[in-house]
Amino acid sequence: MPGLTSAEAAFRLRTDGPNLMPVARGPSAARLLLRQMVHFFALLLWGAAGLAAVAGMPQLAVAIAVVVVLNGFFAFAQEWRADRAGARLREMLPARVVVVRDGRRTTVDAADLVVGDLMVVEAGDRLSADGVLVDAADLAVDESSLTGESVPARRGTGDQVSAGSFVVTGDASCTVTGTGASTRLAAVAHLTEGGHRPPSPLARRLDRVVTVVAVLAVGVGVAFFGLALLLGTSPSDGFLFAIGVTVALVPEGLLPTVTLSLARSAQLMAGRHALVRHLEAVETLGSTTFICTDKTGTLTRNEMTAVRVWTPDGEVRVVGDGWSPVGRLTGPDAAVARVAPLALAATRCSSGRLVRVAGRWRPQGDPMEVALHVLALRAGADVDTDERERPLLRRRPFDPQRRRMSVELPGEVVVKGGADAVLPLCRAAADPAHPAWGALEALSGLGLRVLAVARGGRPDGQVTDDEQGLELLGLVGLEDPPRDDVAEALALCRHAGIRVAMVTGDHPATALAIARETGLVPHGVEALVVAGADLPSDVAALGALLDRDGVVVARVTPEDKLRIAAALQARGHVVAMTGDGVNDGPALRAADVGVAMGASGTDVAREAADLVLLDDRFATIVSAVALGRATYSNVRRFLTYHLTDNVAELAPFVAWALTAGRYPLALAVLQVLALDIGTDLLPALALGSEPPSPRVLDGPARTGELVDRQVLLRVFGVLGPAEAVVELAAFTAVLVAGGWVWAAVPDAGLLATASGTAFAAVVLGQLANAFACRSAARPVGLWSLRDNRLLLGAVAAELGALALFLWVRPLADLLGGSPPNLLGWLVAACAIPAVLLADAAQKAAAARSRRTVPAPAPARHPEVSS
């Protein structure tokens with residue numbers, strides 16, 4: 001074919017535009033940074049800073065603003081690449097392409113391709129545009145990044161091919177039918193860029209916590225303002241006092257604690273081959289209730305392997321490791337002897353090969369054909385010598401209608417294809433009673449891909465369409481073996497109450513076989529296997545159909561994955577979706593946790609995901625879930641720690657209000673801020689780094705509120721009151737010992753000493769509280785301090801900060817306190833045993849009330865046990 005003329009191509013280029021992927025303008029860096037500065041909690045802190053500035057406390061205002069800005073920049077740095085998936089699609093197109101113009105081949109920029117061009121491709125090329133094949137020889141196209149198919153697709157004359165696909169074997173020419181925005185690849189890019197990532201469970205829970213805190217802080221501030229007016233305080237002074245109370249109730253240290261705790265967990269996940277791209281995904285993983293996983297490469301090794309060979313003399317089992325050419329054949333001697341000529345014939349009828357690169361064996365070409373070459377090497381066949389002595393004369397590529405291919409060698413024709421397509425062409429095996437048909441049923445029942453290999457003598461050297469009278473050499477059963485740790489990981493998911501579904505582009509029978517082999521669908525249990533085309537269109541019906549463990553969904557499209565994620569989310573599930581191709585981008589963004597493959601996945605999938613598996617293992621997801629659950633527990637730990645401090649901070653204001661101002665204010669507002677982001681921050685971060693419990697995967701995930709009845713009881717009924725009582729007792733003891741009488745205005749120096757004593761009591765109480773918060777069930781002393789060495793260092797730093805705030809004169813004067821006297825230290829130190837005793841009493845009472853039977857032994861996982 002002459003192709004277009006240069007003039008016609010130039011005209012069409014001016015008319016249709018260049019062959020470029022449409023570029024969607026993503027959010028700018030400034031916009032992404034602004035998001036980190038204006039979410040609800042940040043706005044609450046900005047409001048507190050503004051009120052502090054209005055109240056004449058610029059130091060407080062600046063301190064709060066610095067907290068928000070630093071946290072915003074930290075989170076921005078973690079998520080800068082969050083919305084760059086669409087841009088990666090442009091990199092999938094090659095820069096140059098061969099076309100036929102003016103009757104001769106020429107190379108042009110891919111951007112200059114136009115509709116009607118005759119494009120020429122060969123093995124190793126990526127298609128630069130959509131097209132229709134006008135000529136194809138032994139063409140196999142890897143469309144996995146578009147369709148999810150794990151096996152390269154054979155394409156022949158008249159078939160459609162898509163931009164972004166990869167030519168595995170063969171060569172072809174095709175007429176371009178779509179360029180740029182009109183390609184199928186562009187349509188998938190549009191879905192990816194338009195996908196909306198829902199707020200994470202952690203974000204929703206923290207929003208609720210912050211909302212409650214905000215309402216409480218404002219309400220208490222308003223109440224104190226009214227009370228100040230009733231006590232005769234001037235409106236201006238009452239307003240300033242109310243602002244101080246409001247600021248005191250806002251946990252300024254909570255935001256950086258959450259962010260840094262998530263970052264710490266993300267670092268731990270990276271050490272276990274799970275790269276977190278969005279920090280909140282750390283906790284969301286722990287809330288996961290449903291995992292939709294692909295098959296190829298995640299549950300399996302992505303290595304096609306010949307495991308069974310049937311010959312007329314019996315069946316042979318093939319044992320070997322991956323792509324290694326070394327293996328073992330077991331079976332009747334006569335059958336084993338037949339494997340070498342069978343495998344040699346199958347390899348000569350293939351172009352995929354196992355090659356040695358840099359001292360390692362690497363597959364090259366179609367994985368199925370590589371598996372046949374590996375079989376030949378394991379059987380001892382000398383492929384290289386045979387290729388030299390019997391050169392290939394002619395190849396008839398695989399044809400979807402014939403479902404077989406053949407090659408002509410000197411004096412012989414070799415045919416390879418689907419068993420049910422090749423057996424009828426054989427002399428003896430064409431009879432349905434022939435043992436080969438029973439072997440076909442048996443191998444298919446094992447979920448193996450079954451190929452038949454036959455040969456025939458052709459003295460005339462011709463290969464015709466009606467090969468007949470062939471000699472059957474045998475049948476080859478191939479599998480993509482499951483990963484060794486998949487069965488254990490799936491069992492852990494069941495133990496953890498997490499449902500798992502296989503969502504794949506593969507054939508239903510293949511998918512079901514792998515599901516049974518891995519334990520996703522236990523043997524003897526009736527499986528639910530649904531093809532994508534058969535999925536209900538109604539979201540509610542789709543969710544009801546799929547909301548079970550072990551379901552297999554095959555032949556899915558990108559739109560199917562989106563609908564599956566939405567249907568399960570509508571039923572209240574927290575959905576993790578795996579994927580590796582361009583087609584998976586939209587679903588990865590729509591899922592609560594998008595999980596991409598790092599070793600075999602595309603850039604687009606990795607950029608759209610929240611979590612990237614560097615080793616592609618399903619078991620890595622389970623390890624990440626365990627760390628995510630630990631993160632949820634850790635967030636509850638440091639929330640308890642922070643809120644207990646808030647109770648102690650609020651107590652002086654309550655005492656002042658209840659006594660109508662006759663009892664002096666024990667803490668100043670800047671002292672409150674020093675507690676929140678000075679002494680408390682490091683212990684809270686250490687609590688956020690608490691290692692996972694060995695029982696972290698026992699039972700369903702805790703997906704309730706972060707601040708529930710148990711947390712409220714410990715904060716407002718146990719730990720907080722214990723700290724507050726000692727705090728006010730120490731403050732009162734110093735005042736009384738210094739000569740203060742009820743309702744009198746204390747001397748400034750005495751008040752500073754008493755206030756410093758109250759401050760020290762809270763810090764010491766929080767020291768004990770940090771250890772009490774390590775466990776919600778076991779009191780201090782029943783667990784080892786060595787499990788969290790960070791906490792020991794954080795407590796030491798907390799004591800150092802206390803010394804700085806009390807003895808460094810500029811800081812002490814700024815905060816309004818001075819070092820306690822001996823009496824003050826003695827009383828303040830009582831905060832430690834008071835908090836520990838209150839904690840132990842509450843946990844003992846809770847243990848008696850539960851009256852539960854002993855829990856079963858936990859299912860331990862080597863990567864998550866502490």
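Student: What is the relative accessible area of V38?
Tutor: The model is predicted, and local features need pLDDT of at least 70, side-chain atom pairs count only at pLDDT 80 or more, and totals for chains, interfaces and linings use all residues. V38 lies in helix 2 (helices, H or I of at least four residues, and strands, E of at least two, are DSSP runs numbered from the N terminus). Buried means under 20% relative accessible area, exposed over 50% and partly exposed in between, with a 1.4 Å probe and protein chains only. V38 counts as partly exposed, because its relative accessible area is 39%.

Student: Which elements give two or more residues to the nonpolar patch?
Tutor: The patch is formed on the surface by L34, V38, L43 and W46, with about 350 Å² of accessible area together (Shrake-Rupley method, 1.4 Å probe; for residues, only the protein chains shown count as cover). Patches take residues with over 30% relative accessible area and no salt bridge, joining like charges within 9 Å and nonpolar side chains (Val, Leu, Ile, Met, Phe, Trp, Tyr) within 5 Å. Two or more residues come from each of helix 2 (29-38) and helix 3 (40-54).

Student: How many of the residues of the chain, in percent, count as buried?
Tutor: Residues are numbered from 1 along each chain as its sequence is written, and side-chain values use heavy atoms, with hydrogens and water left out. The chain has 31 helices and 25 strands, and its accessible surface is about 34500 Å², with 59% belonging to carbon and sulfur atoms. Of its 866 residues, the buried share is 55%.

Student: Which residues does T679 touch, not counting residues up to four places away in sequence?
Tutor: T679 is placed in helix 24 (residues 669-679), and at 1% relative accessibility it counts as buried. A polar atom of its side chain lies 3.4 Å from the backbone oxygen of L675. With contact meaning heavy atoms within 4.5 Å, T679 touches Y641, A674, F759, V763, E798, A801, L802 and F805.

Student: How many of the 11 residues of helix 24 are buried?
Tutor: V669, L670, Q671, V672, L673, A674, L675, D676 and T679 are the buried residues of helix 24. The helix is largely enclosed by the rest of the structure, because the number of its 11 residues that are buried is 9.

Student: Which helices hold D839 and R714?
Tutor: The side chains of D839 and R714 meet in a salt bridge at 3.0 Å, N to O (a side-chain nitrogen of Lys or Arg within 4 Å of a carboxyl oxygen of Asp or Glu). D839 is buried, with a relative accessible area of 0%, and R714 is buried at 4%. The pair links distant parts of the chain, 125 residues apart: D839 in helix 31 (residues 831-850) and R714 in helix 26 (residues 709-737).

Student: What is the N to O distance of the salt bridge between R563 and D560?
Tutor: Both residues lie in helix 20 (residues 558-570), 3 residues apart, about one turn of the helix. An α-helix has 3.6 residues a turn, so residues three or four places apart point the same way. R563 is partly exposed at 27%, whereas D560 is buried at 8%. Their side chains meet at an N to O distance of 3.6 Å.

Student: What is the phi of H273?
Tutor: H273 lies in the loop between helix 10 (254-271) and strand 8 (274-276), and is partly exposed, with a relative accessible area of 40%. Most residues other than glycine have a negative phi. H273 is not a glycine, yet it has a positive phi of about 70°.

Note on methods: Polar contact = N/O pair within 3.5 Å; in protein donor to acceptor, adjacent residues only side chain to side chain.
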